[in-house]
Amino acid sequence: MNKRTTLVTASSMLVALALAGCSSKAADSGGSSSDGELKTDVGVTDDEITLAVQTDTSGVFKVLGLAATHGNELWAEEVNADGGICDREIKLDIQDNGYKADNAIPIYETQKANSLGYVQLIGSPILAALKQKLIADKVTAVTESWASTNLDAPEVMMIGQTYDIEMINGLAWAQQQGMIADGDKIGHIYIDSEYGQNGLLGSQAYAKEHGMEVIGVPVAGTDTDMTATMTKLKDEGVTAIAVTTAPGGMGSIAVQNVAQGMNLPLIGNNPVFSTTLLADATVTAGLANLYMVSSFAPISQDTDEAKKVLDEYKNKFTDPADIGITHGYAAGLAWGEILKQACEDGDMTRQGVLDAKSKVDAVDTKGLTGKLDFSKDGSPTTREGFILQPDASVEDGKLKIVEELFASEEAKAYKAPFEK
């Protein structure tokens with residue numbers, strides 16, 4: 001199993017703080033500064049770059065959180081084996097927030113003293129609790145939360161489509177397949193949080209372009225019985241249902257869709273699925289109606305890059321493979337390019353990282369995601385996504401690709417809330 005860093009001691013915090021404002025020689029490995037001097041403040045020593053992880057290994061997204069963390073670790077080990085970045089090894093400070101904001105705040109206060117930024121911060125309620133702190137402290141954070149309404153802050157670093165664009169792409173694909181048509185009535189079950197509200201923003205935007213009506217039904221993130229919700233949508237006569245919930249809610253929606261004789265296409269945002277849903281045969285049968293929109297390739301993708309990551313994963317971990325591995329690994333690739341740019345600029349302070357991020361406009365994840373562009377403030381980093389379906393016969397990750405990377409015309413034309 002993997003080794004995880006423990007919280008730093010009080011004495012090591014003082015050492016880290018004492019290093020703030022220091023400069024050191026920038027190395028030639030993985031990027032170099034023009035004048036040989038590297039400005040640093042927090043989380044960077046002569047030997048290490050510390051990046052923090054706040055994940056969920058005990059809450060409603062624990063399967064995704066654990067897998068994403070393993071993906072982070074695979075990236076870090078790969079970088080370190082290749083000599084590091086700026087001649088410094090990547091060190092990860094990994095903590096579990098259980099998807100609870102009350103846990104996330106004290107963890108952040110500890111991690112900010114010794115970490116340059118976050119390679120993973122999960123999920124929407126945690127980002128809501130920490131966003132102003134990230135901005136005040138200039139801490140760049142990869143969020144396992146993709147609400148476009150958070151792109152007003154450059155510190156928020158999203159890998160992939162935002163929830164609204166995911167839903168636009170999903171509905172556009174469904175219409176291309178003849179599942180829905182102009183003028184239809186679409187249901188949308190969504191968690192009443194920035195996660196769900198942003199998914200709803202996408203379905204509403206698509207509906208406006210196609211003369212459709214959206215029947216939105218808000219639910220709680222912990223809701224797992226969707227019987228009444230599905231009855232309401234059946235009575236409304238919807239032709240398809242968009243879903244922006246946690247996996248527990250998704251399972252009930254899938255079952256009720258069949259039990260109530262609806263058998264409608266279900267268009268889901270990327271967090272709706274967990275491999276644990278396939279432990280129940282009734283849920284598994286219902287998930288045949290689910291089409292999930294994802295910025296990330298499943299770990300079973302038949303490409304050299306995915307195969308390499310999966311092989312490394314199986315050599316190191318015993319947990320079942322999950323698409324979250326791709327999330328974490330791709331986040332590492334993006335951070336790597338930003339760190340290399342910061343090294344070349346001679347500035348690996350927190351502000352230097354933000355400045356470097358604005359210059360990185362074409363991160364190539366070798367097909368694990370679309371190309372990622374961080375140079376446009378307020379804009380999603382890509383508008384491309386996959387359409388995936390749960391498939392219990394797929395050994396690793398239980399997801400198959402129905403549609404390869406694509407971006408609909410509606411997604412290309414869509415203007416995110418803070419896009420300039």
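Which elements do the buried residues of α12 pack against?

1. Basis. The model is predicted: local features need pLDDT of at least 70 and side-chain atom pairs count only at pLDDT 80 or more, while totals for chains, interfaces and linings use all residues. Residues are numbered from 1 along each chain as its sequence is written, and side-chain values use heavy atoms, with hydrogens and water left out.

2. Sheet. Helices (H or I, at least four residues) and strands (E, at least two) are DSSP runs numbered from the N terminus; two strands pair if DSSP finds at least two bridges between them. An open sheet of 5 strands runs in the order β4-β3-β5-β6-β7, with parallel pairing. Its edges are β4 (89–96) and β7 (156–157), each with a single partner strand, so one side of each has no neighbour in the sheet. Helix α2 (residues 62–81) packs on the sheet and touches β3, β4 and β5 (contact: heavy atoms within 4.5 Å). The direction of α2 makes about 165° with that of β4 (axes are lines fitted to C-alpha atoms, for helices over the stretch in contact; angles run from 0 to 180 degrees between N-to-C directions). Between β3 (residues 48–55) and β5 (residues 117–121) there are 4 bridges in the parallel sense, and Leu-51 stands opposite Gly-117.

3. Cores. A nonpolar core is a set of buried Ala, Val, Leu, Ile, Met, Phe, Trp, Tyr and Cys residues joined through side-chain atoms within 4.5 Å; buried means under 20% relative accessible area (1.4 Å probe, protein chains only). The largest core has 101 residues, and Trp-75, Ile-90 and Met-250 are among those with the most contacts inside it. Helix α11 (residues 324–345) gives the most to this core, with 11 residues. Apart from it lies another core, of 22 residues, including Ile-165 and Ala-411.

4. Helix α12. In α12 (residues 350–357), 6 of the 8 residues are buried, so this helix is largely enclosed by the rest of the structure. The buried residues are Arg-350, Gly-352, Val-353, Leu-354, Ala-356 and Lys-357. They pack against α4 (124–137), β7, α11 and β13 (347–348), which answers the opening question.

5. Strand β2. Strand β2 pairs with β13 in the parallel sense over 2 bridges; the bridge partner of Lys-39 in β13 is Asp-347.

Terms used. Buried means under 20% relative accessible area, exposed over 50%, partly exposed in between (1.4 Å probe, protein chains only).
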